[in-house]
Amino acid sequence: MSSERPKVEKTSNSSAVSLSDLSEWKELLKHRERLDHVSLRELFAADEGRAEQFSLQQGNWWLDYSKNRMDRQVLDALLAVADAVGLQGHIEALFSGQRINRTENRAVAHMALRSPAEKGFEVDGEDVSAAVHHVLSRMESFSERLRSGEWKGYTGRRIRHVVNIGIGGSDLGPRMASAALASYADPSLKVTFVANVDGEDLRSALRSLDPEETLFIICSKTFTTSETMTNAESARNWLLASLKDEAAVSSHFVAVSTNRTKVVEFGIDASQMFEFWEWVGGRYSLCSAVGLSLMVGIGPARFFEMLAGFHSMDEHFRLAPFSQNMPVLLGLIGVWHASVLGYETHCVVPYAEALRDFPSYLQQLDMESNGKRVDEQGQTLKVQSGPIVFGQTGTNGQHAFFQLLHQGTHQVPCDFIGFSRSSREADLHHDILMANFLAQTKALAFGRSAQEVESAGVSSGLVPHRTFPGNRPTNTLLAPSLTPYSLGELIALYEHKVFVQGSLFGIDSFDQWGVELGKSLAQDILPAIVEKDSLRSPQDSSTQSLLDRYLRQR
């Protein structure tokens, strides 16, 4: 992404009205004081039907949001705010392919990547469906050739190892989904991911691989991303050190990019480049050619099942009334927590080892999208925007940071994600896992009072230590099983939730200028390191001192 700020054009997604100035927002703030001393125990006691009233089914997913410190009045006030900011218009702009990424003057249309060909999808007034499905068809053909053994390496041996080299959205999405759907993968074809420019990442990935049986997928929109291309060049050198012939590159490398010239210069045949488009943001690119490594791993049929799951949630988000719209409700609850109650963090806890990379994936999706301090007009926000997102699988997280969740001084809203069936036959492991899944949200919501602790015979000196305040908010998402379809639904759910929150904040959720400054400064420092001349590019005193120390120790 260029550091030069392009001309900004207004779209229907821009608004001159700040969230904090709306009368509906001011009405919402009154509920914070009203519920300040009302506990979840009291809310449940006052409404026997609360769990049913604050739950929603969409596709495979059941959302229970009853364990949040809110009531019907709060929900109605949040829905009124959504109407006041024109959320429906924002959604229409998103699905009509308008240039709602205003600071980069780009359309946003990742939904086109999973829309059926016959439905059509316009971006800037042009139907892109044919182009999207042409690339998907090429991906399918390539994947089938690789999986069947028809595609062979330079020496005629079958490819058994695929290494995806990318970073950010070109890594996190396919890495996460490949782990999530590993039970569907071909065990004879190993897919590995490399992202970090730290050489150990690539070295450890290649340590046990045979160059004659290895294929690299280089994912870089511009084919100039520093980290990705450094790793790609090193992978190329590793291959040629063994195969000794430049012609071998074309048999062992394919590219996911938009820069045909750079791809060909690298040694990859132009026919082995899978394209995507400027209207596909990195963190929204899994359904594009960036997902090629995933398609190779799980097969085209399963990949298309995932796309169908994405599209199902897209349609729900586009058409469902806000009061029954799962992404809208999750987004509004997030705004209630972050911007009204002042909770600065959000924790995601999947009770499925297969989703171990999902919290990291959501970190980028949420924090790169909504980690902004100014609105679309460049004015400083008057409300707190996106939260700090973290998480870990349950039950591992219970033995790491759950102490703070239960008894710490911070309020940390959590999303718990679970499945009624494991990828294996029903067994005791899954029953124990899900018993913890259910117990943790109950404990966070209702805690254990001092009176309950005392009645259990705990000595008075230990009562404060054994008391749990409860009143800790959670959302619970439960599906029958983790499949390509349900994974697609889940990812799209969070994509649209993030969009809802960005719409309320009045920010551009699709740029990421915050990643640029450090990268540009690194390019300024690098020559001093390479030339071993710390004075080549004078720095502030701290950076200069650290640079001098690094060069001495290096």
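**How the terms apply to this chain**

The chain exposes about 24,100 Å², of which carbon and sulfur atoms supply 50% (Shrake-Rupley method, 1.4 Å probe; for residues, only the protein chains shown count as cover). This is a predicted model, where local features need pLDDT of at least 70, side-chain atom pairs count only at pLDDT 80 or more, and totals for chains, interfaces and linings use all residues. Residues are numbered from 1 along each chain as its sequence is written, and side-chain values use heavy atoms, leaving out hydrogens and water.

Trainee: Why is Ser-115 called buried?

Mentor: Buried means under 20% relative accessible area, exposed over 50%, and partly exposed in between, with a 1.4 Å probe and protein chains only. Ser-115 has 5%, so it is buried. Buried residues make up 52% of the 554 residues in the chain.

Trainee: Which residues does Ser-115 touch, not counting those up to four places away in sequence?

Mentor: They are Gly-120, Phe-121, His-133 and His-311, where contact means heavy atoms within 4.5 Å.

Trainee: Where is Ser-115 found?

Mentor: In the loop between α5 (87-95) and β3 (122-123). Helices (H or I, at least four residues) and strands (E, at least two) are DSSP runs, numbered from the N terminus. The chain comes to 22 helices and 13 strands.
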